[in-house]
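This report looks at how the parts of one protein model meet, and at a few side-chain pairs within the chain.

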Amino acid sequence: MNVLVVGAGSVGQVFGHHLQLAGAHVTFFVREQYVAATGQGFTLYPLNDRGARDRPVRFEDFEVLSDIAAVAERPWDHVYLCIPATGLQGAWFEALVKAVADAVLVSLTPGLNDRAYVHAHFRSERVVTGMIGFSSYPGPLEGESLPEPGTVYWFPPLMPSPFEGARGSVESVVGLLRQGGLPATVDQKLPQKVAYPTAALMSFISGLELEAWSFDALRKSARLKVVSAAIRETVAILNAHQNSRAPLALRLIGSPVFKLGLPLAQGVTPFDFEAFLRVHFLKVRAQTLVLLADYIALAEKHHLPSKHLQALAGDLQSLPEQVEAA
């Protein structure tokens with residue numbers, strides 16, 4: 001099984017490692033400036049393993065490519081797109097899909113229109129769409145003790161990564177991931193299900209960044225009402241766009257829920273959840289802004305209000321650019 005992983009960030013490393021554990025021959029496709037660093041291998045901390053912070057594992061023995069022509073010279077069984085939504089479109093993607101035309105293409109990007117875009121450029125029966133069901137980040141986080149820097153990741157219990165697609169394609173992807181120890185499941189209703197939590201998350205992340213990534217500050221801020229109202233706007237927008245109905249939890253969400261839930265969030269994960277969100281989403285602020293813009297455009301299309309979404313997007317856009325150290 002020859003597998004190409006596009007992108008060697010925290011997410012790509014986790015997928016690559018577990019695909020290798022399943023017996024696949026893994027190759028990373030990265031930009032030229034990242035070839036040398038990727039080729040040195042990765043240090044990983046799988047937090048589901050007891051004592052993982054003291055005993056990291058090495059992920060090596062894979063290949064690294066940066067040239068589409070070299071990709072086209074080889075046969076590929078699976079290709080995993082481990083990149084942000086902002087990196088999906090462009091001439092490079094059109095060249096890639098031609099180079100891997102016989103593979104199963106696994107799209108993991110969260111953009112509202114990404115699934116349709118991938119299907120428009122690749123054979124639908126060979127496209128699998130997935131949602132990342134784990135947390136991964138470049139460690140250590142502030143205050144975290146690790147023997148050496150590396151990628152830390154955690155699979156939440158009873159929350160496998162869901163995938164959808166044509167039966168043969170999606171079952172081959174899920175089967176391989178499970179074989180490598182990455183929890184995965186088939187869920188053919190994924191496109192409708194994932195849209196709502198993704199939209200809610202973008203509003204929440206926007207508010208959190210505007211309050212300096214502090215749960216406590218957001219909980220006490222007047223901006224919390226804006227975030228709650230923006231989530232309700234996205235629920236109405238997606239209901240109209242998908243001709244569907246949001247999950248009950250999102251229909252009931254509001255400031256009181258956040259005020260009760262935010263203090264508990266830190267105890268749910270085996271790492272500092274605030275710090276994780278800052279490290280992860282600060283790097284992909286452009287993706288957050290693109291998704292907010294998509295929801296606002298859909299609101300206009302369906303003649304629905306979006307003033308709270310617009311307020312979050314405008315305030316977020318006005319923040320200075322920041323670079324989070326990895």
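What follows describes the domains and their interface, then the salt bridges and aromatic pairs.

The model is predicted, so that local features need pLDDT of at least 70 and side-chain atom pairs count only at pLDDT 80 or more, while totals for chains, interfaces and linings use all residues. Residues are numbered from 1 along each chain as its sequence is written, and side-chain values use heavy atoms, with hydrogens and water left out.

**Domains and their interface**

The domain assignment, which is automatic or taken from a database, divides the protein into domain 1 (2-187) and domain 2 (192-318). Taken over C-alpha atoms, the centres of domain 1 and domain 2 are 26 Å apart. To the contact (heavy atoms within 4.5 Å), domain 1 contributes 18 residues and domain 2 contributes 23 residues.

The size of an interface is often given as the accessible area lost when the parts come together. Here domain 1 and domain 2 bury about 1,700 Å² between them, with 72% of it on carbon and sulfur atoms; buried area is the accessible area (1.4 Å probe) that two parts lose on being put together, summed over both. Of the area that domain 1 buries against domain 2, 33% comes from Leu112, Leu141 and Trp154, more than from any other three residues.

Between the two domains there are 2 salt bridges, and 3 residue pairs, both residues at pLDDT 80 or more, are in polar contact across the interface. A polar contact is a pair of N or O atoms within 3.5 Å; within protein, one must be able to donate a hydrogen and the other to accept it, and residues adjacent in sequence count only if both atoms are side-chain atoms.

**Salt bridges and aromatic pairs**

The whole structure holds 14 salt bridges, each defined by a side-chain nitrogen of Lys or Arg within 4 Å of a carboxyl oxygen of Asp or Glu. Two of them are listed here.

| Salt bridge | N to O distance |
|---|---|
| Asp187 and Lys193 | 3.1 Å |
| Glu144 and Arg53 | 3.0 Å |

Glu144, in the loop between E9 and strand E10 (150-154), and Arg53, in the loop between E3 and E4, lie 91 residues apart, and their pair links distant parts of the chain.

The aromatic pairs number 19, counting rings of Phe, Tyr and Trp (its six-membered ring) with centres within 6.5 Å, where planes under 30 degrees apart are stacked, over 60 edge-to-face and the rest tilted. The pair of Phe42 and Phe59 is tilted, because the ring centres are 6.1 Å apart and the planes stand at 40 degrees.

Technical notes. Helices (H or I, at least four residues) and strands (E, at least two) are DSSP runs, numbered from the N terminus.
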